[in-house]
Amino acid sequence: MPQLPVRSASSGGGPEAKRRKIRKGTHSCWECRRRKIRCQYNPATASICIGCEARGTTCVSQEFPDEQPPSTERCLTQRMTRVESMLEKIIERITPGSYSSSRSGGQASTSSASAGDELGDSSPDIFRPSAADHPHVIGIFDALREEGGSCPSSNTSFVPTPASTQSDAVSGLPIKFSQISKTLHATFPCQHDIDAIMQAVGSGPYFIVTYFSGVDGPSEDPSMVWDVPPVTSHPALLSKRLMQLTNCMQKISVDEIPQDLVSKEPIRFQMNRIVTVVSELVAFNDDLVGSVEGLETLNFIALYHANAGNLRKSWLALRRALAVAQLMGVDRWPDDKPLKSVDPRSDPGTRTRAGMLWYRANFTDRYLSLLLGLSAASDDNSFADPLRIARNTPAERLEKLHTVISGAIIKRNLNTSRAAPDAAFGITQAIDCDLEMAAKSMGEEWWRPLCPIDTSTATPRELVQAHTHVMMQMNHHHLLILLHLPYMMRDPKERRWDYSKTTCLHASRELLRAYLVFRDLTDAASACRHTDYGALTAAMTLLLGYLDPKLRVREPGIASQRDIDRDTVTKVRNVMKQMAERDGDKLAREASDIISRLLPLADIDLAVSGNNENDAPVRLEIPYLGTININPVRGRPQHRFRQDNNTVMPAPTSNSNGGGECAELERLGVCPASNTYQAPDNPDDMAMDMSLQQFPPNSQSFLSSLGEDANFSFMQFEPDISSPCQFPELAADVDQWTFQGFDAAFFENLLS
């Protein structure tokens with residue numbers, strides 16, 4: 001029978017412990033008894049039972065008193081033993097053959113400080129694989145080192161405790177992010193390709209670094225855009241550089257793509273791959289976006305999708321950016337205090353300010369929401385507080401006022417079905433006055449068409465200023481169109497709507513002229529895509545405006561203006577066609593197709609080609625919605641709202657003494673005196689008795705009233721019922737859903 005070990009009462013040479021009386025036949029130890037398992041012995045090691053030997057616990061016979069350590073100490077000892085075992089396995093897996101346990105005989109240490117002592121006494125080389133054996137392997141602990149490469153001090157413990165984690169215990173990148181950083185770093189093109197792309201993109205890097213703060217605000221050096229951070233950098237910094245590079249690549253047309261690139265992957269596929277990697281690894285990881293670089297990454301992703309034509313994906317990315325910004329308190333953060341950065345080389349003086357981040361995200365969100373007919377994410381207009389914008393340049397003040405006005409138009413549009421008609425029109429007049437005041441603050445000279453500049457000799461700052469100037473002009477005209485669009489198709493007999501109709505036409509002409517100037521500066525299809533949506537809005541508005549019988553006369557002045565408008569729209573259509581053919585851009589191709597379909601509306605000799613009332617000269621197909629048939633000559637009889645079956649037919653009007661657009665405006669009594677938008681000094685002078693105007697009854701949708709009201713008797717709607725269940729995905733890209741619902745939102749606003 002094997003003899004159980006006899007444990008003395010104390011360590012050293014003290015007296016033996018007193019034996020206990022036990023039942024005859026009892027041969028198990030205390031540990032096996034507590035675990036209620038059978039106590040078995042190996043003849044080779046008869047002094048310790050098999051269970052205690054496997055567990056590494058002390059084997060004490062029941063003949064002796066059970067002197068157990070306190071429960072908490074025993075649990076801590078077991079936990080420390082498991083942690084030591086896991087650390088050994090991790091280090092051996094990363095650095096095979098370079099680590100040996102300092103414990104003798106393989107016996108587990110029961111000291112609570114053993115893990116810290118052993119790691120502290122080990123050589124720093126245990127955390128780094130041999131350069132000869134593994135030249136390109138990055139050890140998992142390399143990311144935990146400081147920038148200077150020093151090893152953590154011997155007092156630093158890698159054992160997680162309730163009060164600290166590994167990221168708190170050491171300076172550098174947490175272990176869980178190291179693999180993400182390696183994947184992001186491998187996503188960068190080679191340095192040769194980056195240099196070639198930056199050379200071809202011209203002012204692109206300067207535009208990207210000034211995207212948030214403008215040319216007059218603090219910004220990092222443009223050379224940082226093509227500086228690839230080290231692999232040990234934080235994922236948010238790597239993703240920011242990747243998105244900056246991708247946004248620059250969008251500004252290259254097909255003709256300007258360098259031919260000596262090492263990568264044979266097409267530029268478009270390369271951009272999609274980069275954005276997909278950044279979105280999956282960083283954008284949707286809550287642990288990686290809580291810094292200034294993380295917020296910039298989310299905004300750059302939204303910018304990429306907006307320029308690619310993926311309006312809904314851009315909208316979703318912006319909503320996430322705004323939500324993260326609110327959680328970080330960016331909307332309340334003082335501008336004199338820099339935001340948290342994960343870039344050790346970041347200069348607080350050139351770091352993006354919280355106020356500019358919050359403003360830029362709201363500006364883009366409201367613009368996209370206007371295009372898609374959605375509500376804005378935030379009603380906060382603190383960025384346009386008079387005291388805050390007093391320190392801004394006039395152009396910065398105008399842009400912030402545009403953002404506030406965009407939010408007001410969104411609210412007006414969403415409340416149209418619930419508000420009284422006269423209240424909605426009053427809100428429209430008030431917003432128009434705000435736009436008028438904003439325009440006058442810039443001076444008449446600022447609104448004149450921009451003189452052409454030589455893009456080959458201009459500095460990056462001059463190019464960015466020219467682009468910004470033209471885009472702000474276009475944005476102002478676009479807001480005017482969207483503001484007055486619901487009143488453009490009202491009853492031609494009511495002169496109350498003449499101001500809205502004329503403002504829409506005048507703003508459309510100015511926007512199209514500015515668009516032609518802009519596309520002379522930048523011809524890449526994916527560069528500043530919002531200008532294409534503005535141009536399409538203006539072209540459709542201008543051509544649909546010629547459904548007004550007052551503009552379908554042969555009077556010399558109006559005929560001359562009609563020819564000018566047709567020529568301008570044709571030039572815009574041709575520019576879009578060229579972009580579509582050169583860059584293979586689907587959005588530009590379908591936008592030019594829509595303009596081509598509507599161009600016949602400017603022809604007063606347009607007539608119905610058949611006897612069927614559905615044989616309209618203009619048929620406009622809206623994907624997933626239906627077809628709109630437009631007949632400016634022959635209207636469909638109405639029976640629901642008007643009993644006299646009145647239709648809108650072209651009729652001669654009184655002769656006008658002037659020529660061109662101003663003659664038309666003078667005839668309507670609302671001719672502006674200059675390029676600035678001149679409204680009456682007293683907006684109340686424009687108001688008319690609301691009881692004189694008959695508003696169409698409210699409906700659940702513009703589709704239910706389209707073709708039924710006398711104001712729209714020249715339009716008919718054919719819903720697409722062939723495949724009612726075949727709708728695009730929620731955030732389908734431009735290849736599956738070209739206009740993303742922008743076209744449907746336009747007609748709903750037009751006919752609301």
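In which helix does glutamine 473 lie? Glutamine 473 is placed in helix 17 (residues 460-484); helices (H or I, at least four residues) and strands (E, at least two) are DSSP runs, numbered from the N terminus. The model is a predicted one, in which local features need pLDDT of at least 70, side-chain atom pairs count only at pLDDT 80 or more, and totals for chains, interfaces and linings use all residues. Residues are numbered from 1 along each chain as its sequence is written, and side-chain values use heavy atoms, with hydrogens and water left out.

With a relative accessibility of 4%, glutamine 473 counts as buried (under 20% relative accessible area; exposed is over 50%, partly exposed in between; 1.4 Å probe, protein chains only). Apart from neighbours within four places in sequence, glutamine 473 is in contact (heavy atoms within 4.5 Å) with Trp446, Trp447, Arg448 and Ala514.

Helix 11 (residues 292-308) is mostly covered, 17 of its 17 residues being buried. Directly after helix 11, glycine 309 adopts a positive phi of about 95°.

An open sheet is formed by three strands in the order 3-4-5, with antiparallel pairing (two strands pair if DSSP finds at least two bridges between them). Strand 3 (618-622) and strand 5 (715-719) are at the edges with a single partner strand each, so one side of each is left without a neighbour in the sheet. Five bridges join strand 3 to strand 4 (residues 626-630) in the antiparallel sense; asparagine 629 in strand 4 is the bridge partner of arginine 619.
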